[in-house]
Amino acid sequence: MLQLPQTTPSEVSLSFDLSRLRILPRGNKTLVMDRISGKWLSISSEDEIFLRLLTLNESRCSESALLDSPMWDIVRRIKQECIACKVGVPHSERQFNTLNTIILKLTNACNLACSYCYDYEKMEGAQRLELQMGLQAIKQALSLCDKVLWVILHGGEPMLMWDTVEYLVRAGTRIAKEQGKKIYFSGQTNMTCLTERIVRFSCQYNIVWGFSIDGKPEIHNHFRIDHQGKGSYELFIRSYKLFPSFVKRCGVMSTITAVNDSRLLETARHIKALGMASWDWSLFQPIGRGRKQSTHFKFDLDRLLTSWDELFNAVESGEFDGFPVLPVKKYLDAFVSGPAGNMCMRPQCGAARDLLSVSADGTIEACDCIDPTGPLSNLGNMQYSTLEAAKSSPTAEKIRSRDVTCHVAACADCIWYGVCGGTCLAHAPGLHDVWAESCAISQLAFDRISDSLMHSDHMLRYLNSLRV
Ligand SMILES: C[S@@+](CC[C@H](N)C(=O)[O-])C[C@H]1O[C@@H](n2cnc3c(N)ncnc32)[C@H](O)[C@@H]1O
Ligand code: SF4
Ligand code: SF4
Ligand code: SF4
């Protein structure tokens, strides 16, 4: 990766800032990336030399022979192309200050006892979100949001709280309508206690569920066990057999640990063969129950990178056309459509900006991934505070002040910063640090994706296959 010469402030035109650009040779093409906004274009590698002349300030250039030369026409064309693609254009990146998503952790109780769970308590003694607190959270979030609010029903196991789900979804839908706003509900479940009532209500209110399967039965049953230590795959199969079309409309999430880090392709194939709507991953985080014996769960980075590469090859070859493989598609979307779509993969991540999370005991968090025992936790509590106050609390401001470019040399100069965002702060060792494993995955993913897009239409074909 090459860095273009830095311009001094007086050389930077108001609409074009060369210091944001990084270039990466990709065979006979060159990727020109705005490392802040994540916008890019490709130029012929023969034109790369002219990019460097962009540092010359045309209005102050005394070499009239140079300005009249055909070479200068090429320089102007490249600059125009950059500006048309918003590459090197300051302030072209979107800001995300308005709340649009709220996570409601309805309980930390669960009928399962997954060994790695970051959010698990036995049924007895577990917290349950009080109805009025849940309602207040939705009301306040609707007031704070612009036109649309997404509510994510989470846990513990949210399907254990079905009366609460129905109450909050009905009330939220009514209040949103009164305010002329849209509200959408989704949820994350273990899909082991599905009933006719849950299916009917979910269909009626369009609740989009995702659920957790870690792979084939022997992999899934390794850590996803019940309170007696028995694997839970069978419980999922029961729901699958009872309500096949409902279950198949849901997306699947696999937690990546030492048992499946080398088996991404096999897992994606398994979930696709079951007929599910999509497959995603959640990389193991050593908090909650997973904090103890974390080495037992932790994935191996080299194995994971090799496995991701294999998965990418399969996606590129067309094997997964029509099936969203999100561990690849997330990076592809960020690269092709810009970082706005995914609240995690952008320099200003969602935490305490467009996202807030309310835990079962009413604690307001910037994001549900933030360690509840750590220094970035607890922006207030719904019992005595509001979402608005939580968003402007000193801890929320501290979270929003995260800037890896000032503290991590690699990020300060990284071509992928705009699309990677500097990894998830909740997984990083410190506020301004990066999560090393996620950084390595970003580097591999954006390298493979940019190379593929410069030389073939395979990945665009894949994206188009998901639109039909
Ligand atoms: C805490 S669960 C709550 C929802 C529901 N009970 C379920 O299992 O899907 C949400 C997701 O986080 C994943 N998860 C649990 N513990 C984790 C950990 N330590 N690191 C990363 N992901 C984890 C789960 O596998 C699940 O996909
Ligand atoms: S991961 Fe989900 S299903 Fe497993 S124990 Fe935690 S809350 Fe329950
Ligand atoms: S803290 Fe992490 S998981 Fe939460 S929004 Fe930010 S990047 Fe995403
Ligand atoms: S975390 Fe890694 S890939 Fe992301 S911006 Fe920083 S150096 Fe680049």
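These legends accompany close-up views of a predicted model. Local features need pLDDT of at least 70 and side-chain atom pairs count only at pLDDT 80 or more, while totals for chains, interfaces and linings use all residues. Residues are numbered from 1 along each chain as its sequence is written, and chains are lettered from A and ligands numbered from 1 in the order in which they are written.

View 1. Helices (H or I, at least four residues) and strands (E, at least two) are DSSP runs, numbered from the N terminus.

**View 2. Domain 2 against domain 3.** The chain is assigned domain 1 (2-84), domain 2 (101-394) and domain 3 (403-458), with bounds from an automatic or database domain assignment. The C-alpha centres of domains 2 and 3 lie 23 Å apart. Contacts join 24 residues of domain 2 to 22 residues of domain 3 (C-beta atoms, placed from the backbone, within 7 Å). On the domain 2 side, helices H12 (301-317) and H13 (326-337) each supply at least two residues. H12 gives the largest share, 6 residues. This side of domain 2 holds 19 nonpolar, 1 polar and 4 charged residues.

**View 3. Helix H13 packed on helix H19.** The axes, lines fitted to C-alpha atoms over the stretch in contact, are 10 Å apart. The angle is about 60 degrees, on a scale from 0 to 180 degrees between N-to-C directions. The pair is therefore oblique; angles under 35 degrees count as roughly parallel, over 145 as roughly antiparallel, 65 to 115 as roughly perpendicular and the rest as oblique. H13 contributes Tyr331, Leu332 and Phe335 to the contact, and H19 contributes Ala445, Phe446, Ile449 and Ser450. Of these residues, 6 are nonpolar, 1 is polar and none is charged.

**View 4. The shell around ligand 4.** Among the residues here are Cys411, Cys414, Cys420 and Cys439. Helices H17 (409-412), H18 (417-420) and H19 (436-455) each supply at least two residues. H19 gives the largest share, 3 residues. The shell has 8 nonpolar, 4 polar and no charged residues.

Conventions
Two residues are in contact if their C-beta atoms, placed from the backbone, lie within 7 Å. Ala, Val, Leu, Ile, Met, Phe, Trp, Tyr, Cys and Pro count as nonpolar, Asp, Glu, Lys and Arg as charged, and the others, Gly among them, as polar. A residue is near a molecule or strand if its C-beta atom, placed from the backbone, lies within 6 Å of it.
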